[in-house]
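This report describes one protein chain for a reader who is new to structural analysis. Please keep the sequence and the structure in view while reading.

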Amino acid sequence: MEMNKGQVIRLEITDVSDEGKGFGRAEGLAIFVNGALPGDVVDARVTRVKKRFASAEVVEVVEPSPFRRRSECPYSEECGGCSFRELDYDKQLELKAAQVRNKLSRIGGVQDPVVRDTVPSPMTGRYRNKGVFAVRSGHIGFYKRGSHDIADIEDCQLLPVSVMAVINEIRKFINNRSISCYDGRSGKGFLREVTVKCAFGTGQMMVVLTGADSRLPHAEALVEAMDQAVEDADDDFYLASVVLHVNRNKSLYDFSDKVITIAGSPTIVDEVEFREPGMKSPVKYEISPLAFYQVNPLQMKKLCTRVHDYARPDGNEILFDLYCGIGTMGLPLADRCRYIVGIETVKSAVVDANRNAVINGIVNARYYRGKAEEVMPGLMRELDEAAGSGGADDSDSSADALSQAIKDTFGIPWKDASGSIVILDPPRKGCDPDLLASAASTGADRIVYVSCDPGTMARDVARLRELGYDLVETMPFDMFPWTTEIECVSVLKRR
């Protein structure tokens, strides 16, 4: 029987896709249904038909899933952020672990991978320390599901109350035309995006206004209004920094690193208390406007502790912290390593990481700017030469400079270390193949891989297996409750 667009079919939903769409089968086709949950029986209208799959939308839930729950968010229907808002929390954890297991088996080629139960988030509401808000045509909020239109969200239940208070004040300035919204077609207007960052450990808040000009209209009045809004929210945060991020590029995806401090400090500082033996505690993290920092700080503590458990430094090993960001993963391990070498491409993050080493009194960690896949091969040749294991030839200048900097900084011969450990914490796209080869070339006994995308992690695990490393186990962490996203930590051991 041929399936046609517009046709209504009855489906039993047996699974869920990575994007949070319900999955069922009919007429030999895989059907992905917006708004359906595992266990539902639905009548669904077909919206698209391809050779091997079809898309559909729920017309009626005939038999609701036993895992359905009532959403407490008034924006669930229009906001595209929380695909699992109506799904029982324990079921979310189960599905996320299954997703990781499936990717490691299907993409990574690991037979019967050891995947632990998903670690639940300590908080499932108001847990995020960062919100990024789209701005367009007089609206500020989040994109509607499956659309480029913006839903004006007045209260996101994943964010602190004071964050939403700031956004609601900015909306007033937009509505009374004190601040114009940027129009991508004409290139006119000012405000393009708003990012709010919070430090749960210190209460400091930063507002980053991305604009198309280096002058913020009505800056003094806006800062005063935001400051009062945060104070009135009374949730233990205070406005410590207001920054203008200037981006005149046609697309926001074209990066700009120009930032201007409008009020307060150019950075904020968070403080995290680790209670596990062997971990430096507390650790202070200085966070600049454009640097990445984990968005669920309470869950981050658990994740960092697991990284420590998997790395198991013996006190005399070199830790290579690649894609190091502001030093989030490596710094808590400083007391247990001979020294830490961090490499990161984002200039502001490298500045933050080195500052974080200083403000924590850590003298055996240095962070360097560059693409690790370009720097590491030459660095390894240089360090091997220093250890007397061979000559270096034609290493690039950035690697030479980094190698010499490490020798000058630490004054400790490479050969005196007992071995090495590698931490990889790449962006969503995963690791460059050359970087994986470089990580393996360190001869590290263990590679700890932190990922926010199980698919690219599984792909990289397959490459590392070819380079002589076996996957020991993976532990998923629910860093993003009510969404389909999942963070996980894997440990690989040299064969």
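## Terms and basis

Two strands are said to pair if DSSP finds at least two bridges between them. Helices (H or I, at least four residues) and strands (E, at least two) are DSSP runs, numbered from the N terminus.

The model is predicted, and local features need pLDDT of at least 70, side-chain atom pairs count only at pLDDT 80 or more, while totals for chains, interfaces and linings use all residues. Residues are numbered from 1 along each chain as its sequence is written, and side-chain values use heavy atoms, with hydrogens and water left out.

## The chain as a whole

The chain contains 9 helices and 22 strands. Its radius of gyration is 24 Å, close to the 23 Å given by the globule rule for 495 residues, so the chain is as compact as a globular protein of that length. The radius is taken over C-alpha atoms, and the globule rule is 2.2 Å times the number of residues to the power 0.38. Along the principal axes, the C-alpha atoms fill a box of roughly 70 × 60 × 45 Å.

Of the 495 residues, 53% count as buried; buried means under 20% relative accessible area, exposed over 50%, and partly exposed in between (1.4 Å probe, protein chains only). Among the contacts with a separation of 6 or more, 64% involve residues 24 or more positions apart, where contact means heavy atoms within 4.5 Å.

In general, the strands of a sheet pair through backbone hydrogen bonds, either parallel or antiparallel.

Which strand does strand 1 pair with? Its partner is strand 5 (residues 41-49), in the antiparallel sense and over 5 bridges. Within this pair, Arg10 stands opposite Asp43, and Ile9 has Ala44 as its bridge partner. Strand 5 also pairs with strand 6 (residues 53-63), again antiparallel, over 8 bridges.

Strand 2 and strand 3 run antiparallel and are joined by 2 bridges, with Asp15 opposite Phe23 in strand 3. They form a hairpin with 5 residues between them, and Gly20 in the turn has a positive phi of about 90°. Strand 3 (residues 22-26) is mostly covered, as 4 of its 5 residues are buried.

Strand 3 is also joined to strand 4 (residues 29-34) by 5 bridges, and these two strands run antiparallel. Gly22 has Val33 in strand 4 as its bridge partner. This hairpin has 2 residues between its strands, and Glu27 in the turn has a positive phi of about 50°.

## A residue of strand 4

Ala30 is found in strand 4. Is this residue buried or exposed? Ala30 is buried, with a relative accessible area of 9%. Leaving aside neighbours within four places in sequence, the residues in contact with Ala30 are Phe23, Gly24, Arg25, Arg52, Phe53 and Ala54. Ala30 and Arg145 are 115 residues apart in sequence and 22 Å apart in space, C-alpha to C-alpha.
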